[in-house]
Amino acid sequence: MSDKPIYVTQPNLPPLEEFVPYLRQIWDSKILTNGGPYHQQLEHALCEYLGVDHLSLFANGTLALVTALQALRITGEVITTPYSFVATAHALLWNDIKPVFVDIDPESLNLDPAKVEAAITTKTTAILPVHCYGRPCNVSAIQKIADNYNLKVVYDAAHAFGVQNACGGILRHGDLSVLSFHATKVFNTFEGGAIVSPDAKSKQHIDHLKNFGFVDEVTVVAPGINAKMSEVNAAFGLLQLRHVDEALKRRAQISNTYRQALERVHGIRLLSEPEHVQANHGYFPILVEDSYPLARDELYQRMRERNIYARRYFYPLISEFPMYRGLPSAQATNLPAATRAAARVLCLPIFPAMTPAEQERVIDVVRAS
Ligand code: T4K
């Protein structure tokens, strides 16, 4: 096969020469980690860029999720979506919390607020929704339920870097929001993540938790973990931030091109663009409906034969993995919309360096099948 492979994503890498001065600075200072200068600069820069007041950097999004649940002392049962990356529910198991899966809304593919109340029990302490593909959850409906039942809300905002809704940054909702800066994300620090807190006290507690619980040399206030971001990762984040607007612009163009090319393809459903939302176009999901000539897995396979590596995010559902499938809430009959979406979804390649010719190759396969 002569065509170059096209992966679902490709990290946005600024020119290497631009990173060298950062590395030189790290070599000169010999400060490699533990809240060094780049770490502090990146926290400030991200607060400014994202329009939030308090943010704690993490080694990755999963540890940030685990720590967010710890910080709020969440226990018992937590309501969450099965239609996500497995880390969402794993963060609950790592805290000895029982996930209770609730179905998604078939249009937004986010947790369906209308189904949440029926899943609340005396053991429910929180809701863990995901802004899937960076598309905002129905935050007001979720908050209303949380207020009525005195529940915490932790948003898994791993996909939602830079997303704005009508009320501003999407990261301002809930008690805490968690970001991922993994290599595959819109903004990356190789590995990385963050928790967005509403106030300085929460941030301080979270900062203690990510550093073994240390407050000073001799005081440990909690059984914290090591989830700190290193200086190399933080420096790369600062460099990325200089290029992120350009990258977002290019993603928007690619997304528009896909939309125009595919919206009238029989049997292919595109998710509608949410109103009043500034999106980040981190993913381009299509739903391969029964009226399309190929089943979703056949289209996925046909693409692979042409060296195009689209991904089935999110299939299988989290609720189908062995450590979850025994839960009563994991039964497919409880999750019809999620089950349907997982069987039909295909995320097409989208990344800033994608060329028009590469995008044409992807479009051609979808149209010609
Ligand atoms: N919550 C949600 C909703 C999430 O989606 C995620 C992560 C998390 C929480 C946890 O955050 P982190 O702890 O990861 O910070 C990828 C990512 O590893 C994962 O971060 C992400 N979600 C998930 C949706 O996607 P895989 O297993 O699909 O990755 P992989 O290695 O197959 O990469 C996909 C493609 O990206 C490759 O085919 C090629 C390209 N790629 C990947 C890497 C790692 C590159 O070009 N360069 C690279 O370095 O999970």
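Predicted model: local features only at pLDDT ≥ 70, side-chain atom pairs only at ≥ 80, totals over all residues.
**Exercise 1. How far does a polar side-chain atom of His182 lie from an oxygen atom of the ligand?**

Residues are numbered from 1 along each chain as its sequence is written, and side-chain values use heavy atoms, with hydrogens and water left out.

Solution. Step one: the His182 atom lies 3.3 Å from a ligand oxygen, and a polar contact is a pair of N or O atoms within 3.5 Å. Step two: a side-chain N or O atom of His159 is 2.7 Å from an oxygen atom of the ligand, and for the side chain of Tyr313 the corresponding distance is 2.5 Å. Step three: the ligand taken alone exposes 910 Å², of which the protein buries 75%, with accessible areas computed by the Shrake-Rupley method with a 1.4 Å probe.

**Exercise 2. Describe the shell around the ligand, by residue, class and element.**

Solution. Step one: the ligand is surrounded by 25 residues, and the closest are Thr62, Asp156, His159, Arg311 and Tyr313; a residue is near a molecule if one of its heavy atoms lies within 4 Å of it. Step two: the shell divides into ten nonpolar, twelve polar and three charged residues, where Gly counts as polar and Asp, Glu, Lys and Arg count as charged. Step three: helix H3 (61–71) and helix H4 (87–93) are the elements that give two or more residues to this shell, helices being DSSP runs (H or I, at least four residues) and strands likewise (E, at least two).

**Exercise 3. Why does the ligand lie between domain 1 and domain 2?**

Solution. Domain 1 (16–102 + 109–239) and domain 2 (243–368) both contribute residues to the shell, so the ligand lies between them; the bounds come from an automatic or database domain assignment.

Methods: Polar contact = N/O pair within 3.5 Å; in protein donor to acceptor, adjacent residues only side chain to side chain.
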